[in-house]
Amino acid sequence: MRLTARTKAWGAVAGVLLAAGGCGLTSGSPMVDDVKPGTVGRGQPLKGADLTVTSKEFTEQLILGAIMGIAFQAAGADVLDRTGIQGSIGAREAVKGGDADAMYEYTGTAWITYLGNAKPVTDPRQQWEVVREADAKNGLTWLPPASLNNTYALAMNESNSKKYGTKTLSDVAALAKKDPKAVTVCVEGEFANRADGMPGMQKAYGMKLPAGNITQMDTGIIYTQARKGTCTYGEVFTTDGRIKAMNLTPMADDRHFFPNYNAAPEINSKTLRKYPEIAEVLAPITKKLDNKVAQDLNSKVDVDGEDPHEVAKDWMVEQGFVTE
């Protein structure tokens, strides 16, 4: 879940809320995957249900939205696909307002961006619990989260990894003290200046990098520059498929500075009361979603150029969740 995606959503809030709230969502098309129950959806507990799934517009969200919709279809529901809403707020408001029934959302995004909290909760489970409790009054129910955590990291290429041997951000801080010239960082402009980005990270880890060691650039360029070694460390997102494709090694956030952005099903509470079986359908799928799975699936789209929906469907079949 990118910084730019989180923050730009606020700039587009008026238009998005108009589309998702006052006027209702009018786009979308029926999902027509010819899938049958596998290990999920047996007995088709959602037969007769009309459900709408939504998502944000970036790759991982498109995949997660398709996964959810395919699961609902296998369980017998007729599913309308309204995935790919621009920005964060529009998709949430669609679920909140009843224009959509469900999506996979991120706990950190809800806690900080939507619910207005300044400090993240360090423990991932507790982060989900406080979000679940706070959002209950907003007509939203959060089902248990995945271990998939789309948060921030600094990553380096194989050559630099062998050269410097850093594994954690504490190691990076120690290297910066020992050899300041060794620690050069490529980051997004917002990450370079936000309290929950570079300044806060440096404070949490006791780093004092010279301004000349920090280069600001667009997200996609960061990955290529980190791969080339132009900068020792690049700001990355932990579930991005390019980490695997470019053989980058993320540094562990051993002091737990960055927020937890675990993906979890966010369901319209009225929908869940009407179809409580949704929780059982999604539970084993959510449990299977971790960072490795996300990197693999995201890579198929962002690196190999495959269609997000087909990537989602293939994974669901491979895992035995559904059959064709």
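Residues are numbered from 1 along each chain as its sequence is written, and side-chain values use heavy atoms, with hydrogens and water left out. Because the model is predicted, local features need pLDDT of at least 70 and side-chain atom pairs count only at pLDDT 80 or more, while totals for chains, interfaces and linings use all residues.

Eight aromatic pairs were found in a search of the whole structure. Rings of Phe, Tyr and Trp (its six-membered ring) pair if their centres lie within 6.5 Å; planes under 30 degrees apart count as stacked, over 60 as edge-to-face and the rest as tilted. The pair of Tyr 152 and Tyr 261 is edge-to-face, because the ring centres are 6.0 Å apart and the planes stand at 75°. Distant parts of the chain are linked by this pair: Tyr 152 lies in strand β7 (residues 152-156) and Tyr 261 in the loop between β11 (249-250) and β12 (263-268), 109 residues apart. Helices (H or I, at least four residues) and strands (E, at least two) are DSSP runs, numbered from the N terminus. Tyr 152 is buried at 3% relative accessibility, and Tyr 261 is buried at 2%; buried means under 20% relative accessible area, exposed over 50%, partly exposed in between (1.4 Å probe, protein chains only).

Phe 191 and Phe 258 form a tilted pair, with 6.0 Å centre to centre and 35° between the planes. Phe 191 belongs to helix α9 (residues 189-193) and Phe 258 to the loop between β11 and β12, 67 residues apart. Phe 191 is buried, at 0% relative accessible area, as is Phe 258, at 5%. One aromatic cluster is formed by Tyr 152, Phe 191, Phe 237, Phe 257, Phe 258 and Tyr 261.

The charged end of Arg 242 sits over the ring of Tyr 223, 4.0 Å from its centre; this requires NZ of Lys or CZ of Arg within 6 Å of the ring centre and within 35 degrees of the ring normal.

Helix α15 (residues 291-302) packs with α16 at about 140°, the axes being 9 Å apart. Axes are lines fitted to C-alpha atoms, for helices over the stretch in contact, and angles run from 0 to 180 degrees between N-to-C directions. The two helices, α15 and α16, are therefore oblique; angles under 35 degrees count as roughly parallel, over 145 as roughly antiparallel, 65 to 115 as roughly perpendicular and the rest as oblique.
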